[in-house]
Amino acid sequence: MGVLPSEIDGGLASRAAIGLAILATDQTLEHEFRALVRIPGVAFYEARLFNDNDITPETLRAMGPRIAPTVDLILPSIPLDVVGFGCTSATMTLGEEAVFAEIRKARPGVACTTPVTGALAAFKALGARGIGLLTPYAPEINQGLVRYFTGRGLDISAVATFDRRDDREAARISLASIEAAAERMAQVPGVEAIFISCTSLRVAEAVAELERRIGIPVTSSNHAMAWHCLRLAGIDDVVPAGGRLFALKAV
């Protein structure tokens, strides 16, 4: 039959193309993005960044020079609307601006976000300043995250950790354990919203039901970054399964 006629359309990302730099050990982020980012015309594309299994300040700092080469692997020569870096604790250790600078070495001028950046934007959109912080990190990592958030005008009203320092174990913390911890944290005076930190923790799909039970907003590293990626890309669609945050625009 020879050559047949064909048309070129906007493809899967006709509305927005999102790039994600994901840790090599991460078992959760892609699954949660697939559950949340189910909007026609919006697609995400990812590449993996080498990281050590153990989460320490030293291993987190070591990720910095690996960000740009990883971002460079995401759809080379095809435009992206936004790029997210998928590690909360590394963002806090390196600093958001340092992460953005690495991303923009590969994608000059692109809109950038991280779980920390998404969380800060989420708290602003939700109008929450008193935050409960739940993590799997070592206490010294938690202390750094508290300093980072308080330095940006938030009140960390409660902090708790599962103390699972191996990223492979963090990904296997049960949803029931996370929900039980969030329910306890919601009872602490001054907690207006809960942030579940670490892209390995599985909770994004349960946010709406958890919010209904405890009566305050809940977000997580993947949940907040997925929402912020959409908003930075100009996608303001409401995602009912995403809970309170996914009904809001970025402020």
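Two strands count as paired if DSSP finds at least two bridges between them. I kept that rule at hand while going through this predicted model.

**Entry 1, the sheet.** I looked up the bridge partner of Leu23 and found Leu49, in strand 2. Strand 1, residues 16-23, is joined to strand 2 by 8 bridges, and the two run parallel. I then traced the whole sheet: it is open, has 4 strands in the order 2-1-3-4, and its pairing is parallel. Strand 2 (42-49) and strand 4 (111-113) are at the edges with a single partner strand each, so one side of each has no neighbour in the sheet.

Which strands does helix 1 lie across? I found strand 1, strand 2 and strand 3 (82-86) under helix 1 (residues 29-36), which runs at about 175° to strand 2. Helix 5 (residues 96-106) also packs on the sheet; I listed strand 3 and strand 4 as the strands it touches, with about 135° between the directions of helix 5 and strand 4.

The largest nonpolar core holds 88 residues. I wrote down those with the most contacts inside it: Leu20, Phe33, Phe85, Ile103, Phe149 and Ile194. For Ile103 I set aside neighbours within four places in sequence and was left with contacts to Ile67, Val71, Val83, Phe85, Val110 and Cys112.

**Entry 4, aromatic pairs.** I counted 4 aromatic pairs.

I placed Phe123 in helix 6 (residues 115-126) and Phe149 in helix 7 (residues 139-150), 26 residues apart. Phe123 is buried at 2% relative accessible area, and Phe149 is buried at 1% relative accessibility. Ring pairs join Phe123, Phe149 and Phe195 into a cluster.

Last, I checked Tyr148. Arg152 lies over the face of its ring, 3.7 Å from the ring centre.

Notes. Residues are numbered from 1 along each chain as its sequence is written. This is a predicted model: local features need pLDDT of at least 70, side-chain atom pairs count only at pLDDT 80 or more; totals for chains, interfaces and linings use all residues. Side-chain values use heavy atoms; hydrogens and water are left out. A nonpolar core is a set of buried Ala, Val, Leu, Ile, Met, Phe, Trp, Tyr and Cys residues joined through side-chain atoms within 4.5 Å. Buried means under 20% relative accessible area, exposed over 50%, partly exposed in between (1.4 Å probe, protein chains only). Contact means heavy atoms within 4.5 Å. Axes are lines fitted to C-alpha atoms, for helices over the stretch in contact, and angles run from 0 to 180 degrees between N-to-C directions. Rings of Phe, Tyr and Trp (its six-membered ring) pair if their centres lie within 6.5 Å; planes under 30 degrees apart count as stacked, over 60 as edge-to-face and the rest as tilted. A charge sits over a ring if NZ of Lys or CZ of Arg is within 6 Å of the ring centre and within 35 degrees of the ring normal.
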